[in-house]
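Here is a short briefing for a first look at this structure. Keep the model open while you read.

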Amino acid sequence: MSAYLDHNASAPMLPRVRAAMLAALEMVGNPSSVHGPGRALRAVIDDARDAVARATGAETKQVVFTGSATEAITQAIVGGVKAFQIDRVVVCATDHAAALKAAEVCGVSVRTIGVDENGVIDFDALALLADTAGAAGEKLLVAVSWINNETGVVQPRAKLESLIGPSPHILVIDAVQALGKRDLDFASSATDMMAVSAHKIGGPAGIGALLVKGHADNVRLIPGGGQEQGRRGGTESAVLIAGFGAACAEFATVFDNARAAELVGDFESRLTRVAPDVVIFSYGAERVGTTINFAVPGIKNTVAMMSLDLAGIAISSGSACSSGKVGRSHVLSAMGVASELSECGLRVSFGWSSTAEDIDAFFRAFETVLSRHRRNGAAA
Ligand SMILES: Cc1ncc(COP(=O)(O)O)c(C=O)c1O
């Protein structure tokens, strides 16, 4: 019995991704070389760029490959501050660490906008800030994660675009968890820059992209040898890029949003049946149909995850922490969740490989956790 229910951390690799990467591994050379092998690698990268552009609604020339979405977001924020002479960076309290940490080192003042109890951005506070800044002649760079990786909350991108888009301010959207699940529609949107990552949709880790509009072409972090039309230096990894392109093409054929939402719906109703006291975070907000973050009061996530792991069930306590430890979730804290409850928070995330059998396997193991907890409670 085993089930992988941690797609928001990283999705299992898709079969055609593996094949595309193996084919690229057999090739030799540097994609910037003008000889035959170099040109062949360049063709692999060009095809992948087309595939990423199709999946994101971007123009091919708007796709800049980076070493991860973390790098893409850092480029957008740190490079954006310099390129646009930004006075202040604005992030959302529940943004991914990629944005929060980049803001910390961007060199200008930072304002963090809070969220309500469901994790939805305080849009009024942002609107007021944008107006005040506009009146004072200040230029803002606003970075918001469209779909939260921990709770699945969908932030109101259209409203953000209508507020920030037509103004002199710059809008950066972290679309890592939205790729494949929402229309990114980059080219025709009012978003200035957008970050995506391959490994959330069955591609390899270590490759992402920053989508940039023409006016943001001079947003840079790594100048180097002028690769990616001067927008990201460093020899491109044709292997990883081929994997990203293949993932973009294949994901749409194997992942069905409606089916995933059905699975999460089934999961939720079973969960409330077996644990009537369960708290589902962000329940009152629009959530992506692949993520559920919940807590059963009194059952610590460290304990639950250990038992589930022994039973071969892979889930998460929130965001994957680089130390491998379960830390306190900054997302749940920002939503005002008490620390005793957030220490019980578990995240289950579905994706292209998820099945009803995964849910059965989860509940077989989780019901053991629940009955042990009840026995211990009764004995106390
Ligand atoms: C919302 C969000 N943004 C950014 C990232 C960073 O992506 P990468 O792993 O490609 O650096 C992640 C990955 O966890 C994410 O979920």
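Buried means under 20% relative accessible area, exposed means over 50%, and partly exposed lies in between. At 42% relative accessibility, D185 therefore counts as partly exposed. The model is a predicted one.

**The seven-stranded sheet**

- Seven strands form an open sheet in the order β2-β8-β7-β6-β5-β3-β4, and the pairing is mixed.
- Strands β2 (63-66) and β4 (109-113) are the edges, and each pairs on one side only.
- On average, neighbouring strands of this sheet are turned by 20° against each other, direction ignored.
- Helix α2 (residues 36-56) packs on the sheet and touches β2, β7 and β8. The direction of α2 makes about 110° with that of β2.
- In general, strands of a sheet pair through backbone hydrogen bonds, either parallel or antiparallel.
- Five bridges link β5 and β6, and the sense is parallel. In this pair, V142 stands opposite L171 of β6.
- Five bridges also link β7 and β8, in the antiparallel sense. Here S197 stands opposite G208 of β8.

**Strand β6**

- Strand β6 is mostly covered, with five of its five residues buried.
- I170, V172 and D174 point one way from β6. L171 and I173 point the other way.

**Helix α6**

- Which residues of helix α6 (residues 157-164) are buried? They are R157, L160, E161, L163 and I164.
- Seen down the axis of α6, these buried residues fall within an arc of 165°, so they line one face of the helix.
- An α-helix has 3.6 residues a turn, so residues three or four places apart point the same way.
- On the other side of α6, A158 and S162 are exposed.
- The buried residues of α6 pack against α5 (123-135), β5 (140-145), β6 (170-174) and β7 (193-197).

**The three-stranded sheet**

- A second open sheet has three strands in the order β9-β10-β12, with antiparallel pairing.
- Strands β9 (279-280) and β12 (345-349) stand at the edges with a single partner strand each, so one side of each has no neighbour in the sheet.
- Two bridges join β9 to β10 (residues 291-295), and these strands run antiparallel. V279 stands opposite A295 in β10.
- Helix α8 (residues 257-274) lies across β9, β10 and β12. The helix runs at about 15° to β10.

**The ligand**

- How many residues surround the ligand? There are 13, and the closest are T70, D174, Q177, S197 and K200.
- D174 also belongs to the buried residues of β6.
- A polar side-chain atom of Q177 lies 2.8 Å from an oxygen atom of the ligand.
- A polar backbone atom of A69 is 2.9 Å from a ligand oxygen atom.
- For H96, a polar side-chain atom lies 3.3 Å from an oxygen atom of the ligand.

**Two residues with positive phi**

- Most residues other than glycine have a negative phi.
- D185 is not a glycine, yet its phi is positive at about 50°. D185 sits in the loop between β6 and β7.
- Q229 is not a glycine either, and its phi is positive at about 55°. Q229 lies in the loop between β8 (208-212) and α7 (238-254).
- Is Q229 buried or exposed? At 65% relative accessibility, Q229 counts as exposed.

**Two buried loop residues**

- S354 lies in the loop between β12 and α12 (356-379). At 12% relative accessibility, S354 counts as buried.
- The side chain of S354 reaches the backbone nitrogen of G351 at 2.8 Å.
- Leaving out residues up to four places away in sequence, S354 touches L5, H7 and L263.
- M335 lies in the loop between α10 (330-334) and α11 (339-342). At 6% relative accessibility, M335 counts as buried.
- The C-alpha atoms of M335 and V120 are separated by 8.6 Å, while the two residues are 215 residues apart along the chain.
- Leaving out residues up to four places away in sequence, M335 has contacts including V115, D116, T151, F281 and S282.

Key:
Residues numbered from 1 in each chain as written. Predicted model: local features only at pLDDT ≥ 70, side-chain atom pairs only at ≥ 80, totals over all residues. Heavy atoms only, no water. Pairing = 2+ DSSP bridges. Helix = DSSP H or I, 4+ residues; strand = E, 2+ residues; numbered from the N terminus. Contact = heavy atoms within 4.5 Å. Axes fitted to C-alpha atoms, helices over the stretch in contact; angles between N-to-C directions. Buried < 20%, exposed > 50% of the residue type's maximum accessible area, 1.4 Å probe, protein only. Arc of directions from axis to C-beta. Near = heavy atom within 4 Å. Polar contact = N/O pair within 3.5 Å; in protein donor to acceptor, adjacent residues only side chain to side chain.
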